[in-house]
Amino acid sequence: MKLAPARLLLAASFVATTGWSLDAEFKLDAELNGRVSELIELHRYAEAKEAAKKAVESFSAAYGTRHEGTAKSLRNLALCHTRLGEFADAEPLYLKAVTIREQVYGPKNPHTLGTLEELADLYQDAKAYEKAEVVLKRVLKVQDLWGEKHVGRARTMERLGVVYIGMARFEEAEVLLKKALAVFEEANGAKFIGNANCIEEQARLKQEMESYQQAELLYRRALAMVETGQGPKHPRTAAFLNNFGTLYSAMGEYEKAQTYFQRAFDILNKSYGPEDPDAQISLRNLASAKAAAGQVPRPKGQRSIVI
């Protein structure tokens, strides 16, 4: 779309007086937010947090607080705090990022909705399930206009289903997860690796309902998909191994649980080091399973931590 003459003059004046250029903005984003994304991908969250702080300061100084680069930087910093378990620090950052994206894009834009979904993920991790439910219902109200078979809407339904598992609202969770999986399978096929998360979440639901045989079948199905798609030693596979181990802990089958926790830890330790938050979860689960296996009489099933 061509700019009107008045807007062309205004843009030219802005560039001349401020030195702003789109190239400079892209370069700053690549240098700062790009580096943060790389560190997050490597699970180097403490380093990523410091880099994200620098990005927030740089974008705020260069372009102000009402700018996408600032919103992205705030979102990245919030994600680092979340991964480090610093939930109270993450919440206000996500809220600021949402406010900026509402101003830049509008309240119904996918950028805004995506940030709201990540805020809901934070609330879920912090076990603030009621807050997560409110946020996700707000997102779904907009996404309902996209149609029942929209994959983005199904992802939000999946998130809400997981929240309902945490709230022990199992029937509601099952309805949402089944609907979401049906959309994913219709859109991408039954064997698409992206479906594995939703299948595993159904397994966790059955586990919470103590329907262990059904849970085991679903866990095996999800794990097989990830191992086939990404390999048996991929970090994503490690998360599925750890979560499968939580089922056997819940069943009181601690030797089996140890096998899965050990495999998960070995992969995560090799990929990210022993201090990685997910590696630490698998290690603590492993220690708990070993302790439970050695007790006489053995305790009833224990609750281990999912990744």
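This is a predicted model: local features need pLDDT of at least 70, side-chain atom pairs count only at pLDDT 80 or more; totals for chains, interfaces and linings use all residues.

Trainee: Which residues is Tyr105 in contact with, leaving aside its neighbours within four places in sequence?

Mentor: By that 4.5 Å rule, Tyr105 is in contact with Glu68, His111 and Thr112, once neighbours within four places in sequence are set aside. Tyr105 itself sits in helix α6, residues 87–105. Helices (H or I, at least four residues) and strands (E, at least two) are DSSP runs, numbered from the N terminus. The protein chain has 15 helices and zero strands.

Trainee: Why is Tyr105 called partly exposed?

Mentor: Buried means under 20% relative accessible area, exposed over 50%, and partly exposed in between, with a 1.4 Å probe and protein chains only. Tyr105 has 30%, so it is partly exposed.

Trainee: And what makes Gln258 buried?

Mentor: Its relative accessible area is 18%, which is under 20%, so Gln258 counts as buried. Gln258 lies in helix α14 and touches Leu286, Ala289, Lys290 and Ala293, not counting residues up to four places away in sequence. Across the protein chain, 44% of the 307 residues count as buried.

Trainee: Why are α3 and α5 called roughly parallel?

Mentor: Angles under 35 degrees count as roughly parallel, over 145 as roughly antiparallel, 65 to 115 as roughly perpendicular, and the rest as oblique. Helix α3 (residues 33–41) and helix α5 (residues 68–83) pack at about 20 degrees, with axes 10 Å apart. That angle is under 35, so α3 and α5 are roughly parallel. The contact uses Asn33, Val36, Ser37 and Ile40 of α3, plus Gly69, Lys72, Ser73, Asn76, Leu79, Cys80 and Arg83 of α5.

Trainee: How do you know where those axes run?

Mentor: They are lines fitted to C-alpha atoms, for helices over the stretch in contact, and angles run from 0 to 180 degrees between N-to-C directions.

Trainee: What makes α11 roughly parallel to α13?

Mentor: The axes of α11 and α13 come within 11 Å and cross at roughly 15 degrees. Under the same cut-off of 35 degrees, α11 is therefore roughly parallel to α13. On the α11 side the contact is made by Ala196, Asn197, Glu200 and Gln207, and on the α13 side by residues including Arg236, Phe240 and Leu247.

Trainee: How do you know that the span of α12 is close to the one expected?

Mentor: The expected span of a helix is 1.5 Å times one less than its number of residues. Helix α12 (residues 212–230) has 19 residues, and its 26 Å from first C-alpha to last is close to the 27 Å expected.

Trainee: What do the buried residues of α12 pack against?

Mentor: They pack against α11 (196–208), α13 (235–250) and α14 (254–272). Among those buried residues of α12 are Leu218, Tyr219 and Met225. After α12 comes Gly231, with a positive phi near 100 degrees.

How values were computed:
Residues are numbered from 1 along each chain as its sequence is written. Side-chain values use heavy atoms; hydrogens and water are left out.
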